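Notebook open, structure loaded. I want to go through a sheet, a helix pair and a chain contact.

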Amino acid sequence: MLFNTSVFRTFICLLIAVSLLVVLSGCDSVQNRPVMRIGYMNCNSEAETVARFTPLTAYLSEKLNIDFEVIPVDTQDFEERFTAGEFEFGHSNSLLYIMLKEHQQMQLIATEKRGQYGARTAGTIISRKGSGITRIEHLKGKRMLFGPQLAPSGYLAQYDLMLQAGFDPEMDLDYYAIPHGSFKHEKVVYGVYFGKFDVAAAPALDLELMTREGRIFADDFNIIAQSEVIPYCTFGAARNVPADLVRAFRKVLLEITPETTVQFNGETIKVLDSAWISGFEQLSDSDYDPIRRMARNANMPPYQEF
Amino acid sequence: MIRDLFDKFLLLGLVAVAVAIALVLGGFFGQDDALITQKRNPAVERAMQEKARSAFLLETYQPVEHLMLSDRHAEALLKLQEFDKTFPGEPHTMILRGSILVTQGVLSEGLAQYAAAVKINGDYVDEKSSLHRRDEINQLVESAVPAIRKSLQVASTPTLEKSLRDAYYLQSRLAGGCE
């Protein structure tokens with residue numbers, strides 16, 4: 001009886017119409033958000049990269065009203081995939097930044113801060129304490145372990161240091177090697193610690209982190225030489241990303257504090273802690289000139305000549 | 001009033017207790033360590049504590065200073081990392097780290113370390129303290145302020161602005177300004 005009244009029928013129709021309107025308007029707003037991609041250079045593994053940078057990416061999405069996707073990228077593939085347009089923004093080491101700046105006119109956004117040097121880092125050459133190897137000239141005929149070839153503070157800086165000291169790593173070392181797989185920087189340190197190699201190219205940041213975590217002691221090693229300080233990992237954008245968006249992206253990064261949080265998978269997460277970062281700094285492109293000088297001296301990309 | 005022997009004993013007991021209370025209150029019995037400490041001159045106490053603290057820090061951090069004097073700054077920074085674990089938040093770690101970072105050209109982080117150390121312990125700008133580093137901090141401020149201002153004229157960044165604030169803070173503390 002009641003269900004047959006015209007008032008009730010009208011009410012039900014109105015209710016359905018309003019519900020549909022609400023649902024559809026919600027869908028529209030989600031669909032309208034542009035989708036962009038951020039390529040993150042893998043430090044150790046794809047899984048680690050995704051876990052580390054997804055909350056930060058979610059925060060950027062929230063603040064910039066853009067759906068950013070995390071694209072984990074192998075270091076060796078980074079330039080090729082960026083050039084192919086697979087991602088509009090990139091987070092990579094500083095050598096990759098100058099390669100992409102040189103070849104693809106990448107726009108500098110901000111530099112990551114981590115460790116005692118803040119937005120900068122350095123490369124060191126280490127030997128085991130008590131080995132008697134305390135100067136670069138002592139490296140002659142020794143076995144050396146390097147980090148990955150495109151690592152500014154794990155390969156390039158040390159290679160340049162040796163060349164500057166008149167020591168040719170290709171001729172004067174007994175032999176050198178690069179460890180396989182992930183955690184290369186740590187393997188390099190342990191390679192010397194356990195006596196497999198005489199000397200190694202260790203990033204200052206990794207020595208710092210391993211000391212802080214109690215995995216090594218400062219007194220375990222001689223630091224034979226240290227490079228000048230150079231910018232650390234860097235956020236950049238493709239040349240076709242509008243300048244306004246680059247500025248907004250930078251502003252969001254620079255304003256993140258250790259207390260900044262993001263809602264992610266039902267949890268409230270500290271953005272910087274989850275990404276193992278202590279903040280961001282705005283450097284100028286000329287701050288990267290020491291890396292350019294090193295790359296030229298070591299005949300490495302983007303200035304490599306055959 | 002006093003009717004029997006029991007009353008006499010009771011009266012004697014009361015008198016004995018009263019005399020004992022009077023003696024205790026008069027300070028004739030017992031030695032209270034706290035009272036003795038209070039009698040010491042507080043200025044002497046403070047001076048002794050300051051000297052002990054300075055001597056402890058200078059001796060403990062001597063290996064770091066030694067590495068710094070030998071230009072082995074990277075090793076000194078690693079050593080400070082260990083001190084950070086043993087003595088978290090200790091301003092002496094910060095002041096030495098600041099000194100190394102400035103030497104290595106990392107001005108913004110260096111200034112931040114100096115400012116944080118002075119904020120916690122004003123001894124570093126107090127020329128009466130054996131820990132003071134007034135000359136070093138003064139030189140840093142005098143060179144850093146014009147350099148940061150010049151950079152700010154070219155391009156203002158949050159890091160440069162923070163560095164200028166840190167430098168001004170150190171300047172005010174050198175001038176005798178309080179926290």
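My entries follow, starting with how to read the model.

I am working with a predicted model, where local features need pLDDT of at least 70, side-chain atom pairs count only at pLDDT 80 or more, and totals for chains, interfaces and linings use all residues. Residues are numbered from 1 along each chain as its sequence is written, while chains are lettered from A and ligands numbered from 1 in the order in which they are written.

**Sheet in chain A.** I looked up the strand order and got β2-β1-β3-β12-β4-β15 (chain A), an open sheet of six strands with mixed pairing. (Strands are DSSP runs of E, at least two residues, and helices runs of H or I, at least four, numbered from the N terminus; strands pair if DSSP finds at least two bridges between them.) At the edges I found β2 (67-73) and β15 (279-281) of chain A. β4 (107-113) and β15 of chain A run antiparallel over three bridges, and A:Glu112 has A:Phe280 as its bridge partner in β15(A).

**Helix pair in chain B.** I checked α8 (134-154) against α9 (158-174) of chain B: the angle is about 145° and the axes are 9 Å apart. (Axes are lines fitted to C-alpha atoms, for helices over the stretch in contact; angles run from 0 to 180 degrees between N-to-C directions.)

**Chain contact.** I get 18 residues from chain A and 20 residues from chain B, contact meaning C-beta atoms, placed from the backbone, within 7 Å. On the chain A side, α8(A) gives the largest share, five residues.

Technical notes. Contact = placed C-beta atoms within 7 Å.
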